[in-house]
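I opened my notebook to record what I looked up, one item at a time, and in which order I went about it.

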Amino acid sequence: MKDGTCTHCEGTEIYEIEEARIPNYESSNGVDALTLTAHYGPSGESGMFGAKSARSVVRISAYVCAACAYTELYAQNLDVLDRLANTSGTGVHKVTRS
Ligand SMILES: [Zn+2]
């Protein structure tokens, strides 16, 4: 898809969406990123009051075929995904072929 050819129908017109977003219904023109994860937990940093926490989000980009609407999603922050996979309780697991 990223090369401009649909992997489903071989169509050659593809829409690239740099960052998938959803409306923020609290604000008439607000938008939020559509994310694969939204884990809130220790960031690995410490501050004046102890361990800091932060939200770990993995944003996504999308490619949509103009002919058949087939859509592929791509994670943007693989480093964040890897950190979440190495932290228990995040719901992210790395599956490897053995
Ligand atoms: Zn297609």
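Predicted model: local features only at pLDDT ≥ 70, side-chain atom pairs only at ≥ 80, totals over all residues.

Residues are numbered from 1 along each chain as its sequence is written, and side-chain values use heavy atoms, with hydrogens and water left out.

Which protein donors does the zinc ion have? I found Cys6 (SG), Cys9 (SG), Cys65 (SG) and Cys68 (SG), lying 2.3 to 2.4 Å from the zinc ion; donors are N, O and S atoms within 2.8 Å of the metal (3.2 Å for Na, K and Ca), and water is not among the atoms, so sites may look incomplete.

I then looked up the angles that the 4 donor atoms subtend around the zinc ion, and they are 104 to 113°, which makes the arrangement tetrahedral (four donors count as such if all angles lie between 85 and 135 degrees).

In sequence, I read the spacing of the donor residues as C-x2-C-x55-C-x2-C.

I checked accessibility next: cysteine 65 is buried at 3% relative accessibility, whereas cysteine 9 is partly exposed at 37% and cysteine 68 is partly exposed at 33% (buried means under 20% relative accessible area, exposed over 50%, partly exposed in between, with a 1.4 Å probe and protein chains only).

Last, I looked at serine 61, which is buried with a relative accessible area of 12%.

Key: Tetrahedral: all angles 85-135°; square planar, octahedral: opposite > 155°, others 65-115°.
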